[in-house]
Amino acid sequence: MSRLEAKKPSICRSEPLTGERTRASLAALRGLVTSCYGPAGRLKQLHNGRGGSVVTTSQSAALLAGLPVSHPVLKVLTAAVRNHVACFSDGGLFTAILCCNLVENVQRLGLTPTTVIKLNKHLLSLCTSYLKSEVCACRIPVDFSSTQILLSLVRSILTSKPACMLIAKEVDHISTLILRAFLLTIPENAQEHIILGKSIIVPLKGQRVIDSAVLPGILIEVSEVQLMKILPIKKSDSFKVALFGVSLSGDLSDTGEGTLLVSYGVSLENAALDQLFNLGKQLVSDHVDLVLCQKVIHPSLKQFLRTHHVIAVDRIGVSLMEPLSKVTGAWPIGSLGSISPSSYGSIKDLCIAKFGCKHFFHLIPNKTTICSLLLCNRNDTAWDELKLTCQTALHALQLTIKDPYVLLGGGCTETHLVAYIRHKTRNEPESILQDERCSQTELQLITDAFCSALESLAGSLEHDGGEILTDSKYGHFWSVQANLPSAVNWPDLLSRCGCGLYSSQEELSWSFLRSARHPFPPQTCLSHEATGSASTLTLDCFTAKLSGLQMAVETASLILDLSCVIEDTN
């Protein structure tokens, strides 16, 4: 018997943000997520001392899932970021970096949390109102009659994840496949309320990325031995399908603590087999061509169905049950009793497909919004990262249907917002001071801290010691290599801004990021000609980034408002 110990009292710490441990932990987390940010972000390897798989990633979803956090303040921050990623898939690092920057910047000011929170909330409303307005110069409407903007969005997401290990040709190929898979999930006769289908990612590791493909319908992997027993497949105008969600193995279900009474001389195994054969006879008499089972089919039932030219596939798994039901129109059968004719479905065709060393049944539907994305990559690590990235890109495309806009990426939205906020608060402070009942000095301090957090976020895209500049016309982000000569002609060193929208050959003037300069009004109302002139743009998902901005500011306000932390040390 283990020794019993007295329960220790909980520890209550007041003013948790003033402690050195909190500051060090927050700085460590900020350094970690900042180093992963953007296309040039550094990769992280996650593993534990007990062994297991090693994860190589720069994505917030994988990073935070494998990162043990013990500090209470960091738990609040990481939980908020993970909730954001669970809802929007993209923008996790953006949210985490901005939240850390806001907390650290405000801590140095010495203002009361109440003043900080209400002014941060007002600055957030300025940002969101501007980003949602028609005059916003970093928001582009999505034209669904053209693929240019959508492809640029997908390409931007893929290139921001270096652990996928893709070259330019592979990025273009995967971007096209993701967009095609997304378009296949949209119903042909879409009404006002659209119900999207599903893209199923099928793994094929150890193959060339360029061998990836998109196929309408569903791919079900089968072994070569199982395939030889089924061949040949008869040709037909359509295939009648039965979909089982219950096991057809003939095993008895667990009775729990109850008692099962069996009459003398009755064999449970034979009774179960008789029930399965009766089921098989009904399937044959109903002219079923294809039997799909989530679990196991008894070998004797398989043989019986095979002799009657019925194809039986088992061990499909729960993940494919809903897509199969949509593709075939069949209702999952949950009992071994008599089957209602309305439970059956159908498919247009069934064929065999081979990709690499794997064999698949390809179920081709009559009409469906289900497709299979056969995803290839060189190794397990790169494939896992690519799968997560493809899911993020597909989700971002789905979000554009609800909010058909994208934001300029590459740091340009952040620096443009900084220019907008500084000009707004400098030239129209009266309304803010009157509404929030604060002094001009407090407003200026909070504005500087807020804008500095956004500028630091944009600067996190540079990982090689280069310099960051902004122009005084559009307020966009420009990057240049380090160790510049004393006499510099900026147009000769710069090519295009971070998002790729503007060229350095325009008549622009630049200044270093975070340098002292007079606030200026950035040009608003983005023209259609400007967006059409750039061949490729770096773009961000509008909904994900806007929600990430709100989540970062609200989480920072929550952390700044903490007065004490109670920890249970038992």
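**Entry 1: salt bridges**

I began with Arg208 and Asp211, whose side chains meet in a salt bridge at 2.8 Å, N to O. I count a salt bridge when a side-chain nitrogen of Lys or Arg is within 4 Å of a carboxyl oxygen of Asp or Glu. A reminder to myself: this is a predicted model, so local features need pLDDT of at least 70 and side-chain atom pairs count only at pLDDT 80 or more, while totals for chains, interfaces and linings use all residues. Residues are numbered from 1 along each chain as its sequence is written, and side-chain values use heavy atoms, with hydrogens and water left out.

I then looked up accessibility (buried is under 20% relative accessible area, exposed over 50%, partly exposed in between, with a 1.4 Å probe and protein chains only). Arg208 counts as exposed at 55%, and Asp211 as partly exposed at 30%.

By this rule I get 14 salt bridges. One of them pairs Lys205 with Asp384, with the closest N and O atoms 3.9 Å apart. Lys205 lies in strand 5 and Asp384 in helix 12, so this pair ties together parts that are 179 residues apart in sequence. My helices (H or I, at least four residues) and strands (E, at least two) are DSSP runs, numbered from the N terminus. Lys205 is partly exposed at 36%, and Asp384 is partly exposed at 42%.

Next I checked Asp314 and Lys302, which form a salt bridge at 3.1 Å between the closest N and O atoms. Both Asp314 and Lys302 are buried. I also found Glu414, Asp540 and Lys545 joined into one network by salt bridges that share partners.

Which residues line the largest cavity? I found Glu414 and Lys545 again, among them, along with Phe94 and Leu131. For the search I used a 1 Å grid over the protein atoms alone: a cavity is a set of points where a 1.4 Å probe fits but cannot get out, a pocket is an open set with protein on both sides within 12 Å along at least five of seven lines, and lining residues have an atom within 4 Å of a point. Helix 13 (412–427) and helix 18 (542–560) each supply at least two residues of that lining. The largest cavity has a volume of about 50 Å³, taking volume as the space filled by probe spheres set on the points, which are joined across faces, edges and corners.

I noted about 400 Å³ of space in the second largest pocket. Strand 5 gives the most to the lining of this pocket, with six residues.
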